[in-house]
Amino acid sequence: MALLEKQHPNADTELHFTNAYELLVATILSAQCTDERVNQVTPALFQRYPNARALAQATTQDLEPQIQSTGFFRAKSRSLIGMATAVVERHAGHIPSTMEALVELPGVGRKTANVVLGHALGVPGLPVDRHVLRVANRIGIARGDDPELVEQQLGAAMRPKDWMRTSDTLILHGRRICRPRPLCDRCAVRARCDFFLSGKAAALNPALRGKARR
Ligand code: SF4
């Protein structure tokens, strides 16, 4: 992780937000969508619905056209209104600051809860998305395709204060370098990566053939 953090010194969420409510909305919208696209939609959305109470009053007809470009807009609009309604009814309009309470909100899974805890609420969180799963398994610092299991493994290996940075770094590495077709030539942990050293990376990227050395 030290090598990867050196390669990606400014790893952080790319979603724009100013508080936990905004980050929760943006993270729900980011499913199957780029952060860049979400950031194009959220300024107007946050202006119109500045908090959970305002969003809870919205109808799906109001919301759908505003978030259409993020994809899956019908499901996302139901999740957003359901989440906001639950926040108002159960938490007096405040985004709760525990994993247990967050995952009880409509449309909020463990990954989304960890993003909000770690980035907006000051509670250690280690979101595991498809990038974290892929990169951690390839390097060999985690094993398994169950996000919760990989979260436990990485969480046990790292100090809680470093969880968020670990997740952000692995996500950025997965987006930029360790893509499905990995760019191992540019990777800081190539000399320690199981996937590269075993020759499996070369099977996905022919430019790497003959370069793996134990
Ligand atoms: S060496 Fe290749 S497979 Fe291993 S982490 Fe780096 S980019 Fe991914």
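The buried residues of helix H2 are covered by elements that include H3, H4, H5, H6 and H8, where contact means C-beta atoms, placed from the backbone, within 7 Å. Helices here are DSSP runs of H or I with at least four residues, strands are runs of E with at least two, and both are numbered from the N terminus. Please keep in mind that this is a predicted model: local features need pLDDT of at least 70, side-chain atom pairs count only at pLDDT 80 or more, and totals for chains, interfaces and linings use all residues. Residue numbers start from 1 along each chain as its sequence is written.

**Helix H2 and the cores**

- In H2, 10 of the 10 residues are buried, so this helix is largely enclosed by the rest of the structure.
- A residue counts as buried if 20 or more other C-beta atoms lie within 10 Å of its own, as exposed if there are 12 or fewer, and as partly exposed in between.
- The buried residues of H2 include Tyr 21, Glu 22 and Thr 27.
- The largest nonpolar core has 32 residues, and those touching the most other members are Leu 23, Leu 24, Val 25, Leu 80, Met 83 and Val 116.
- H2 gives the most to this core, with 8 residues, while H2, H3, H4 (52-56), H5, H6 and H8 each supply at least two.
- Another core, of 28 residues, lies apart from it and has Val 135, Ile 141, Ile 177 and Cys 187 among its members.
- A nonpolar core is a set of buried Ala, Val, Leu, Ile, Met, Phe, Trp, Tyr and Cys residues joined through C-beta atoms within 7 Å.

**Overall fold**

- The chain has 13 helices and 0 strands.
- With a radius of gyration of 19 Å, close to the 17 Å that the globule rule gives for 214 residues, the chain is as compact as a globular protein of that length.
- That radius is taken over C-alpha atoms, and the globule rule is 2.2 Å times the number of residues to the power 0.38.
- Along the principal axes, the C-alpha atoms fill a box of roughly 60 × 35 × 25 Å.
- Buried residues account for 42% of the 214 residues.
- Of the contacts between residues at least 6 apart in sequence, 55% join residues at least 24 apart.

**Two domains**

- The chain divides into domain 1 (20-120) and domain 2 (127-208), with bounds from an automatic or database domain assignment.
- The C-alpha centres of domain 1 and domain 2 are 28 Å apart.
- Their contact takes 6 residues from domain 1 and 7 residues from domain 2.
- On the side of domain 1 that touches domain 2 there are 1 nonpolar, 3 polar and 2 charged residues.
- For these classes, Ala, Val, Leu, Ile, Met, Phe, Trp, Tyr, Cys and Pro count as nonpolar, Asp, Glu, Lys and Arg as charged, and the others, Gly among them, as polar.

**Around the ligand**

- The ligand is surrounded by 15 residues, of which the closest are Cys 178, Cys 184, Cys 187, Cys 193 and Phe 196.
- The shell has 13 nonpolar, no polar and 2 charged residues.

**Loops worth a look**

- Most residues other than glycine have a negative phi.
- Gln 32, in the loop between H2 (20-29) and H3 (35-48), has a positive phi near 55°.
- Gln 32 is exposed, with 10 other C-beta atoms within 10 Å.
- Phe 72 also has a positive phi, of about 50°, and is found in the loop between H5 (60-67) and H6 (73-91).
- Phe 72 counts as partly exposed, with 14 C-beta neighbours inside 10 Å.
- Val 108 lies in the loop between H7 (99-102) and H8 (110-120), and counts as buried, with 25 C-beta neighbours inside 10 Å.
- Leaving out residues up to four places away in sequence, Val 108 touches Met 83, Leu 102, Val 103 and Ala 113.

Methods. Two residues are in contact if their C-beta atoms, placed from the backbone, lie within 7 Å. A residue is near a molecule or strand if its C-beta atom, placed from the backbone, lies within 6 Å of it.
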